Amino acid sequence: PPEPARLRFAVFPWGEIRIDGGDAIVTPRAEPLELAPGLHRIEIAHPTLGNASREVTLAAGEQRTLRHVFDRTPVQ
């Protein structure tokens, strides 16, 4: 099997992360997540600052940091 990719998150002020519709992970989180190489859909949510989504394609053995800064204006 191919070597996993490692993805870290830097979300300000914080957020709930879902990868490919899986369980929520709350940031900040010190350890990177190991993911299979390939395309992944990342959902980032904050209860008052809104939602964001990204798609990332990771290569085997790649290490990457996904950064997101929420606008400090609460979503109505």
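Glu43 and Arg41 form a salt bridge, a term used here when a side-chain nitrogen of Lys or Arg lies within 4 Å of a carboxyl oxygen of Asp or Glu; their closest N and O atoms are 2.7 Å apart. Glu43 is partly exposed at 29% relative accessibility, and Arg41 is partly exposed at 37%. Buried means under 20% relative accessible area, exposed over 50%, and partly exposed in between, with a 1.4 Å probe and protein chains only. This is a predicted model, in which local features need pLDDT of at least 70 and side-chain atom pairs count only at pLDDT 80 or more, while totals for chains, interfaces and linings use all residues. Residues are numbered from 1 along each chain as its sequence is written, and side-chain values use heavy atoms, leaving out hydrogens and water.

By the salt-bridge rule the count comes to 5. Another of them joins Glu34 to Arg6, at 3.2 Å from N to O. This pair links distant parts of the chain, with Glu34 in strand β4 and Arg6 in strand β1, 28 residues apart. Glu3, Arg6 and Glu34 are linked in a network of salt bridges.

Strands here are DSSP runs of E with at least two residues, numbered from the N terminus, and two strands pair if DSSP finds at least two bridges between them. β1 (residues 5-12) pairs with β4 in the antiparallel sense over 3 bridges, and Leu7 stands opposite Leu33 in β4. These strands belong to an open sheet of 3 strands in the order β4-β1-β7, with mixed pairing. β4 (33-35) and β7 (63-69) stand at the edges with a single partner strand each, so one side of each has no neighbour in the sheet.

Methods:
Helix = DSSP H or I, 4+ residues; strand = E, 2+ residues; numbered from the N terminus.
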